[in-house]
Amino acid sequence: MALFSQTSQLFFQALLWKCRMFWPVSRCQQLFAGFVNFSNREKVNYFHVMTSSSTALPVDSKGTGVFPTKKRSEIDYEEEKGWNENREIPEGKLYFSSSVRAPKKRLSQVLSRHRFTNVQPPEKPLQAAEWNSLKESFQAPEIFEEVMLNSMIRCNSPIDVAKSLLTHVAKSDGDIAYHLLIKYLALCVQQGQTSEIHDVYDIMKTRFKVLESGAYSLLIKGLSNSDQWRMALTLLEEVKQLMIPSRGSYESCIKAASRHQEMNLAFQLYHEMLAEDLVPTLDVLQAFFDFSRGMKGAELQNQLFGILLYLRENQIYPHKTFIWSIKLWFESIPGGNWKGHLTNIKDSGQCPVCNHQLEDSNLTEEEYKCLRERIIKDVIHGTDTFRKTSPQEFEAFQTFVENRLPFDIVIDGLNVSHIKPRKMQCENLFEAVNCLAKGNARLLVLGRKHMLSNSPNWKREVMKEMQNKADFFFAENISEDDTFLLYATLRSGKHCKFVTRDFLRDHKACLSDSVTRHLFRKWQRGHQIVISSSREGKRLKFLPALRYDSVVQTTGDTWHIPYKDTFDEKYSYEVPRKWLCIQQK
């Protein structure tokens, strides 16, 4: 059902001509004029403008609206993964009128809203009297419409049910609040209701000179999935004039262009995205390979190779569905003669399919020296805001280490002690120390002073027995021990490994240049021993650091791509053991 009747549109145009000195907010009432007939008197309310006060700006009569400047850090780049009923337009930005509620009352509404996540919407459209009856019996009538629309989105209710609610709102209040329009739009996008999306956009474009980023993202997502996908590109250009588009907006347009085989346009948007420091999802990267299958062209092939090198540079591991798309694309290249196989690389680093030897995970002497110097300068002695220790304590630690070098393995004691929650922490650490001490390895355990307190979690006799097997340094309880771990491992030499379940991302971010960060990731992959609990929880499992580097690699006529089985995030220390080997015959 279209949102506007021809009569209501003509009425709207006449209203604009007659009352152009005011903003015609009655457009929202016409939105649902075909559903319930209003009197003209009920349709018109010139002064009650409800919108977002920061980014959805009503157009002034002179057309001189000013868009508020946004800092980069204020822009939310999170991808829209469907509408989340708990994700709301920021409170305090919903109303642009003299009827703004006091902040205290608005905060109470935010808290109240989350009490009604299980509300069930009606199955069919209701009349005004029926909506009134429901609202009167609702515990928080001031947020009734918002809660009800959230439930319609959650339950994917028919559009006509949502229309009947907004018709009732327009008739009762004389207008429809911006955040309610956004929720209605989300429902339309969720159901692919293209004509409704167009109509809501027409209303918003007329009422507001500028929309907030969430509205643009929904409109672009909805239009990009329709046969009018180029309109989404127009909207994206409009957003660029106001702010940096969201990742979701870029990716919606990239997928639309790819679906229509306009790969040059898709890659243009992709490179724009990267230039804005927006991190593409695996989903959109996979789309490039899916929609390029069987297509000719050296330039297209180079662009897709570039995506594989992007995975290498950023240590990104595709999931199995993505890796299958890569395999099929290679094998579909006309005249390419590529053949792919899923395999497991030998411990030696040799591929059992093509016998190619993968890159060594060890750094050269020059690389290792450079990395050690940069970590000491940027992380340990630099402005590392994540380091919580005193200079005196760290100086004492340095003296402790220098008098006992070298170590074979450095252990983050507190981190490892939490590996099995049902066991005492000292028992977890004791089990790890026992396993790692085999073969006369020299161990350094980084602990905290509370471990010496003889508490239920830290038995004195267990601690004493561990101290016979390893050196211990006990830092203050508030100290950040990652810095200690990095220093001791790097000072012990290239052979030394370390054990922690920490990702060390904060310290990597402190390194001042991309080359050093790349070296850090490579060093981490080759030196971090991964520890986990067995499935039954009875013993610890150690995955030794690999001798070969677990990143995308190519020789020109071969590609080796590590992958994981699922979508689950793999951080830099969690290195996959499965690979795709691709050869050109």
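User: Why is Tyr 270 called buried?

Analyst: Buried means a relative accessible area under 20% (exposed is over 50%, partly exposed in between; 1.4 Å probe, protein chains only). Tyr 270 comes out at 2%, so it's buried. Phe 288, at 0%, is buried too.

User: And what are these values based on?

Analyst: This is a predicted model, so local features need pLDDT of at least 70 and side-chain atom pairs count only at pLDDT 80 or more, while totals for chains, interfaces and linings use all residues. Residues are numbered from 1 along each chain as its sequence is written, and side-chain values use heavy atoms, leaving out hydrogens and water.

User: How many aromatic pairs does a search of the whole structure find?

Analyst: It finds 26. One of them is Tyr 270 with Phe 288, at 5.4 Å centre to centre and 70° between the planes.

User: Why is the pair of Phe 305 and Trp 559 called tilted?

Analyst: Their centres are 5.3 Å apart and their planes at 35°, so it's a pair, but neither stacked nor edge-to-face. Phe 305 sits in helix H15 and Trp 559 in strand S11, so parts 254 residues apart in sequence get tied together. Phe 305 counts as buried at 15%, and Trp 559 at 3%.

User: How do you know that the charged end of Lys 327 sits over the ring of Trp 324?

Analyst: The rule wants NZ of Lys or CZ of Arg within 6 Å of the ring centre and within 35 degrees of the ring normal. Lys 327 is 4.8 Å from the centre of the Trp 324 ring. Arg 404 over Phe 400 is listed likewise, at 3.9 Å.

User: Which residues touch the most other members of the largest nonpolar core?

Analyst: A nonpolar core is a set of buried Ala, Val, Leu, Ile, Met, Phe, Trp, Tyr and Cys residues joined through side-chain atoms within 4.5 Å. In the largest, with 92 residues, they are Met 152, Leu 285, Phe 288, Leu 308, Ile 326 and Phe 330. Helix H8 gives the most to this core, 10 residues. Apart from it lies another core, of 30 residues, including Phe 400 and Leu 446.

User: What makes S11 and S12 paired strands?

Analyst: Two strands pair if DSSP finds at least two bridges between them. Here 6 bridges join S11 to S12, so they pair, running antiparallel. His 560 stands opposite Cys 581 in S12. The open sheet has 4 strands in the order S3-S12-S11-S10. S3 and S10 are its edge strands, since each pairs on one side only.

Definitions and conventions:
Rings of Phe, Tyr and Trp (its six-membered ring) pair if their centres lie within 6.5 Å; planes under 30 degrees apart count as stacked, over 60 as edge-to-face and the rest as tilted. Helices (H or I, at least four residues) and strands (E, at least two) are DSSP runs, numbered from the N terminus.
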